[in-house]
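Biologist: Please take one part of this model and show me closely how it is built. Start with the sheet, then follow the chain into its surroundings.

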Amino acid sequence: MTALICDIDGVLLHDNRPIPGAKEFVADLAAGTMPFLFLTNYPSQTPAELRNRFLGAGLDAPVGSFYTSAMATAEFLRDQADGERKAFVVGEGALVHALYEAGFILTDTDADFVVLGETRAYHFDMIQKAAQLILNGARFIATNPDVAGPAGKPACGALAAPIERITGRKPFYVGKPNAIMMRAALRHLKAHSEEAWILGDNMDTDIIAGIQSGMRTILILTGVSKAEDLVRYAYRPHHVVSALNEVLPLLERSAGDQQE
């Protein structure tokens, strides 16, 4: 059965405003039988908080249909830990909660991992402590490589930069375009890559992540990447659409073609 992984910002929402057709699109997904998952690199909201964000924009989806880079990071670290369960976290409640649920002890001394997400409370002492722990042997993990959000809001990649410069160590980014994030999402969805599609607005994250994971890709022109940008890339999305009302008919046609 066809499954859909759908990005959020630039596809369904601009900030907290619904993109035209988003309400109908989400309602059709929720009422249908196709497995789906809303995927975001943003690590600072839990699925319940994301659902509330949707509700505030007039969209309604079950809490289990959301998956974040914080959740993928916790799953990755659970696999990597091998008994090392102490983490120093620079991030907000959703990331802290995900790591706690994965069995990690949060500490600012003798940490096995420095885990960086996003926080509006970023400050000098956090940078110094993270750098010190990394120089003492902690592994540097970050939720996502995005540098900026709307209106120039600093994102995880920007917060990683001073720590990287001080230590000379680059973080391992779990979120898109890393295929680890996509495989984690597919496990959460209980789907295989060969039957899954990803719908996204960004060639540098959503589309390349889908291609590298063996998924079918749909670029929607409501967000970051535009049609004229495609000439800059050696790879291409499998399909390009202008609006959300084109997506489900495309998936239905594809499913019909596979059955013939």
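Modeller: Two strands pair if DSSP finds at least two bridges between them. Strands (E, at least two residues) and helices (H or I, at least four) are DSSP runs, numbered from the N terminus. The model is predicted, so local features need pLDDT of at least 70 and side-chain atom pairs count only at pLDDT 80 or more, while totals for chains, interfaces and linings use all residues. Residues are numbered from 1 along each chain as its sequence is written, and side-chain values use heavy atoms, with hydrogens and water left out.

Six strands form an open sheet in the order 5-4-1-11-12-13, with parallel pairing. Strand 5 (66-68) and strand 13 (239-241) are at the edges; each has a single partner strand, so one side of each lacks a neighbour in the sheet. For strand 5, three bridges link it to strand 4 (residues 36-40), and the two run parallel. Here Thr40 faces Thr68 of strand 5. Helix 2 (residues 47-56) lies across strand 4 and strand 5, at about 120 degrees to strand 5. Such angles run from 0 to 180 degrees between N-to-C directions, with axes fitted to C-alpha atoms, for helices over the stretch in contact.

Next comes Ser69, in helix 3 (residues 69-80). Ser69 is buried, with a relative accessible area of 0%. Buried means under 20%, exposed over 50%, and partly exposed in between, using a 1.4 Å probe and protein chains only. The Ser69 side chain reaches the backbone oxygen of Asn41 at 2.5 Å. Leaving out residues up to four places away in sequence, Ser69 touches residues including Thr40, Tyr42, Thr143 and Met181. Contact means heavy atoms within 4.5 Å.

Helix 3 and helix 7 (residues 179-189) pack at about 95 degrees, with axes 10 Å apart. That makes helix 3 roughly perpendicular to helix 7; the range for this is 65 to 115 degrees, with under 35 roughly parallel, over 145 roughly antiparallel and the rest oblique. Ser69, Met71, Ala72, Glu75 and Phe76 of helix 3 meet Ile180, Met181, Ala184, Arg187 and His188 of helix 7.

Helix 7 itself is largely enclosed by the rest of the structure, because eight of its 11 residues are buried. Among them are Met181, Met182 and Leu186. After helix 7 comes Lys190, with a positive phi near 60 degrees.

How values were computed:
A polar contact is a pair of N or O atoms within 3.5 Å; within protein, one must be able to donate a hydrogen and the other to accept it, and residues adjacent in sequence count only if both atoms are side-chain atoms.
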